[in-house]
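Please read them with the structure open.

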Amino acid sequence: MSALRVLTAAAPRLAAVLLGAACVAWTAVPPRHTGLATLALVVSIIAVVAGALRLALADVPQPEEGFFPSAPVRTWLTFLAVLRGLPWEEIAVVALLWLEVQHPARPWHTAALGFALVAYLLAVHIAESGAPAGRLLRRQATLLLAGACLLALGAGFAMLPAAGPGAGSALLRVLAAAAVVAAAALVLPGRD
Amino acid sequence: MAGPVQQVEVRWRPSRHARRLLTLALAGLLLATLTRRPELVGVAAPALLLLGVALPGRPGRPGRPARLAVRVGLASSRLYEGELAAVDLAVDDTRFDTRWLLEAGRGVEPASATAVNGAAARFEFTVPRWGRRQLGSAALVLHDPWRLTEGRAEVALPAVDCYPQPAVERTRVVLSRLPNRLGEHAARVPGEGTEFAGVREYVPGDRQRAINWPASTRLGRLQVNTFAAERSQDIVLVVDATSDVGPPGTSALDLGLRGAAGAARAYLDGRDRVGVICYQWGGARWLAPSLGRRQFYKIIDTMLSADAGWGRGETFSRLPRAALPPGALVVVFSPLLDQRFVETLRDMRERGFGLFVVDVLNTVPPPRRTFSDAMTRRIWRMEQQAIRFALRELGVPVVHWDGAAPLDLPLAPYTRRPLVVHR
């Protein structure tokens, strides 16, 4: 009974860790051996691992500060401060997107990454806030469905042949996709 | 749940989840523009949708109240050391997902989870050491249905009075001379009690039911039973708060207060009148002897104000005369470390009070290797022995109590028969 309870409590954290690892693996393959890609990969791995550690140590209380803490206590306090102070998930998202753009254009791959990133952020939020996952996902189901459609639409925009050669036509496609997303965000009713 | 209502101010801001989604959306849009890849706009789309829906003023979005009514209920504002207690919190507004986080105050130990989801929460806690303790505060975190904005409010939790855990004491020291007042202790004078005292010859006026028929048959004359009178006594508990030594939780003052609480309960259960004097720097706090259950709590409230701190300019004073009724038994809980307090005890003994000292010193100076330290330690030990010897020579019983065993054990030699006090 207690094992089941522990598993229930640990499941969102485990899900967040697995989704983070999946995002890194999904983006890193096939490996790119340029300097920026390697840097982005290392940063994203560090950020995902640090985020996982932060979730794992979320229940560890902050030790009370004494007047003259010993070196191990000082190290532990600094480690906890770094772990809890930096926005690791944001860093991971930016690094993963940067790693993705290091690869040649692959629209459906990027769309899947986008969905995985949203799932990762939702899992992290559920794990750290203890929110009931079922109720939260039910409330956001419509929006997530619409987001998935827009993801597919964005990938479709990328696969359309350009009207003409040059950077202007590619930018136009980006603007068109952005306009569709903006319109959807404004039109969708904000019901519970 | 009953409890006072607090109006707390709520500060609203984007949640961490919203900030992460915003990062994803901005990074996607920026990279899409820089690299001219429309699929990255798609990556930003779900985050933008969620953020757009949560914009203020959208239909279906609950308003953000600036203030909220929070009910705070405490099961009891008084508890004993180590006793489990609980504080209940509830917020009336149920439109938001609510999370409570307990930040326990100093000296308060949480005994349950410190984070609870829901409109109502119950936090259990214990207080390991006596004193007045602030429970701390509870952070109330409100989330909208999409968990993109969060409101934070601080709820100040009330204070509790933690009473020292009374020592176990079932037996009582009783004086040989008791005041002429009805009570439960058998006195040495005959009276209308229930305890058999002896047999004497019948005189006219004696009750017929008191006739001892076997003795009358044996002696050939009517004999009647006599009974001991039942009296109560005045007890004054003196707690020495001038010096507090030992580890927190088992210090001399901790043991003194626990012993005094146990003795107060034992004597009040025996229908005695009990008072207390907390002897400390800057004067004594005292409570005149009285009866009843309420007196027990008054005694502990008086003891809770005991302060072992020393202040510059504060003086030592004699014990208040009004707190010491004539013929009272004075039970002292002290580590006997301060010579002036010992002089005060000697003064009381010379005034004719029946004194009884419970020694609560359970610590010694740490051993050191240097010769001077070892010598100082030895001199200190001898001085302590001399103090106790001098008190015994004055006719003051001194017993040692370690705080772990029931108080009945060290008192056993004095509870079997009445304590004779030579005036």
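The points below cover the chain contact, then a sheet, then one of its residues.

1. Basis. This is a predicted model: local features need pLDDT of at least 70, side-chain atom pairs count only at pLDDT 80 or more, and totals for chains, interfaces and linings use all residues. Residues are numbered from 1 along each chain as its sequence is written, while chains are lettered from A and ligands numbered from 1 in the order in which they are written.

2. Chain contact. On chain A, 49 residues are in contact with 40 residues of chain B (C-beta atoms, placed from the backbone, within 7 Å). Helices H4 (88-101), H5 (107-129), H6 (133-139), H7 (141-159) and H8 (167-187) of chain A each give two or more residues to this side. Helices here are DSSP runs of H or I, at least four residues, and strands are runs of E, at least two, numbered from the N terminus.

3. Sheet in chain B. Five strands form an open sheet in the order S1-S3-S5-S9-S7, with antiparallel pairing. Pairing requires at least two DSSP bridges between two strands. Strands S1 (5-9) and S7 (109-110) of chain B are at the edges with a single partner strand each, so one side of each has no neighbour in the sheet.

4. A pair within it. Strands S5 (residues 85-91) and S9 (residues 120-126) of chain B pair in the antiparallel sense over six bridges. B:Ala85 is opposite B:Phe125 of S9(B).

5. B:Ala90. Strand S5 of chain B also holds B:Ala90. In sequence, B:Ala90 and B:Val70 are 20 residues apart, yet their C-alpha atoms are 5.7 Å apart in space.

Terms used. Contact = placed C-beta atoms within 7 Å.
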